[in-house]
Amino acid sequence: MNDFAQSPSLMLLPAVDVAGGKAVRLTQGEAGTETNYGDPLDAAGEWVAQGAKWIHLVDLDAAFGRGTNAPILRKVIKQYRGVNIELSGGIRDDATLEAALESGATRINLGTAALENPEWAADVIGRYGEAIAVGLDVRGTTLAARGWTKEGGDLWEVLDRLEDAGCSRYVVTDVTKDGTLRGPNLELLREVASRTPKPVVASGGISNLDDIAALRELVPLGVEGAIVGKALYAGAFTLAEALDVAGD
């Protein structure tokens, strides 16, 4: 255990996914599978109280193209100014990107736009650097777009293109694992990390503290952090316990 305690720490980003003004969790990213967890301000506040340094904040309605929760997301960001916010969902053009940056978010996670509008994504990556991450949402090696409802091309071709553009960070989600509590796809994460020198944030499938320990073992390979969602909301462990295992 001593060796493990001295190994590099894994950054944890508890998730607050917002739909219809409520904090929710989906299963495999599918609309209609929401479980409601109440006020997003309260959800974020719970993670902050337990020691969160980052929050992964998602506008699901914007991701699905069915509306926006921007006023609520801005409230969360304003309320917890001392915490880093990674903001995601429906950021597809200059107007939505500038609004997201002006909200006070630390980092913006591009999804569909990076797949469907590569020239714009490359331009934005060039302009904003570290403030931009790209979400690679994967089924097998096929990317998913539009709130995971459409195919978005081959993972490795898109990764090569983003590397050429100078992307600073990737958020990698195995869509088939997300919200299922079936464990993260460690093999996928290892492979992505082996193909880029840039940091990788893992997302999807974390079910217990052993999963967090397994992800921490990938830190030397380039897995910088992990987004934790359903397991926290379901009470599988506390964020404080998870941060302890992660060394964060």
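## Before you start

Residues are counted from 1 along each chain as its sequence is written, and side-chain values rest on heavy atoms, without hydrogens and water. Because the model is predicted, local features need a pLDDT of at least 70 and side-chain atom pairs count only at pLDDT 80 or more, while totals for chains, interfaces and linings use all residues.

## Two annotated aspartates

Let's begin with D17 and D137, which the UniProt record, an unreviewed entry, annotates as "active site".

D17 sits in strand β1, residues 11-19. Helices (H or I, at least four residues) and strands (E, at least two) are DSSP runs, numbered from the N terminus. Is D17 buried or exposed? It counts as buried because its relative accessibility is 9%; buried means under 20% relative accessible area, exposed over 50%, and partly exposed in between (1.4 Å probe, protein chains only). Leaving out residues up to four places away in sequence, D17 touches K22, A23, V24, R25, V58 and L60, where a contact means heavy atoms within 4.5 Å.

D137 belongs to strand β7, residues 132-139. With 16% relative accessibility, D137 is buried too. Its side chain makes a polar contact of 3.5 Å with the side chain of T173. A polar contact is a pair of N or O atoms within 3.5 Å; within protein, one must be able to donate a hydrogen and the other to accept it, and residues adjacent in sequence count only if both atoms are side-chain atoms.

## A buried arginine

Now look at R169, in the loop between α8 (155-165) and β10 (170-174). R169 counts as buried, at 7% relative accessibility. Which side chains make polar contacts with that of R169? One is E130, at 3.1 Å, and another is E224, at 2.8 Å. Beyond its neighbours within four places in sequence, R169 is also in contact with other residues, including R107, I132 and K198.

## The nonpolar cores

In soluble globular proteins, nonpolar side chains tend to be buried together. The largest nonpolar core here has 68 residues, and L12, V16, L57 and L136 have the most contacts inside it. Such a core is a set of buried Ala, Val, Leu, Ile, Met, Phe, Trp, Tyr and Cys residues joined through side-chain atoms within 4.5 Å. Apart from this core lies another, of eight residues, among them L13, A133, V171 and V201.

Strand β4 (residues 54-59) holds I55, which is buried at 0% relative accessibility. Among the residues that I55 touches, not counting those up to four places away in sequence, are P14, V16, A44 and V83.

## One face of a helix

Finally, find helix α12, residues 239-246, whose buried residues are L239, A242, L243, V245 and A246. Viewed down the helix axis, these buried residues fall within an arc of 160°, so they line one face of α12. The arc is taken from the directions from the helix axis to the C-beta atoms. Just after α12 comes G247, with a positive phi of about 75°.

Key. UniProt positions are given in the numbering used here, feature names are shortened, and annotations may be inferred rather than shown by experiment.
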